[in-house]
Amino acid sequence: MEPQLITITEYCVNYDIEPDFIISLEESGIITLTIVDTEKYIHEEQITELDKYAHFYYDLHINIEGIDAIRHLLGKIDQMQNEISSLKSQLHLHQ
């Protein structure tokens with residue numbers, strides 16, 4: 001199944017955000033956009049993340065660098081939670 005793509009313009013109109021915000025996220029390596037012909041597209045699986053980043057930026061007034069730091073820290077927390085779950089499973093096997 002081919003991934004769904006949404007144009008930046010369509011996303012910005014639907015969510016009332018600026019295209020420059022999305023471009024800044026891409027330039028910072030926070031999201032990945034796909035170019036088809038001359039139009040830039042957002043992958044459907046990134047929409048949830050993009051919504052979260054827009055909330056950080058517009059509602060909480062966190063800049064792009066702050067969003068990147070938060071993203072990194074949340075990734076570390078997720079990784080640590082997975083490691084704790086794995087260690088708990090191993091501990092239960094040895095009891």
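Before the helices, I noted that axes are lines fitted to C-alpha atoms, for helices over the stretch in contact, with angles running from 0 to 180 degrees between N-to-C directions. Helices (H or I, at least four residues) and strands (E, at least two) are DSSP runs, numbered from the N terminus. This is a predicted model, where local features need pLDDT of at least 70 and side-chain atom pairs count only at pLDDT 80 or more, while totals for chains, interfaces and linings use all residues. Residues are numbered from 1 along each chain as its sequence is written, and side-chain values use heavy atoms, leaving out hydrogens and water.

**Helix pair.** I looked up α3 (residues 47-59) and α4 (residues 64-93): their axes come within 10 Å and cross at roughly 135°. That makes α3 oblique to α4, since angles under 35 degrees count as roughly parallel, over 145 as roughly antiparallel, 65 to 115 as roughly perpendicular and the rest as oblique.

Next I checked which residues meet (contact means heavy atoms within 4.5 Å). From α3 I found Lys-52, Tyr-53, Phe-56 and Tyr-57, meeting Ile-64, Ile-67, Ile-70, Arg-71 and Leu-74 of α4.

**Strands.** I then turned to pairing, which takes at least two DSSP bridges between two strands. Strand β1 (residues 5-7) pairs with β3 (residues 39-43) in the antiparallel sense over 3 bridges, and Ile-6 has Ile-42 in β3 as its bridge partner. β2 (residues 33-36) also pairs with β3 in the antiparallel sense, over 4 bridges, with Thr-34 opposite Tyr-41.
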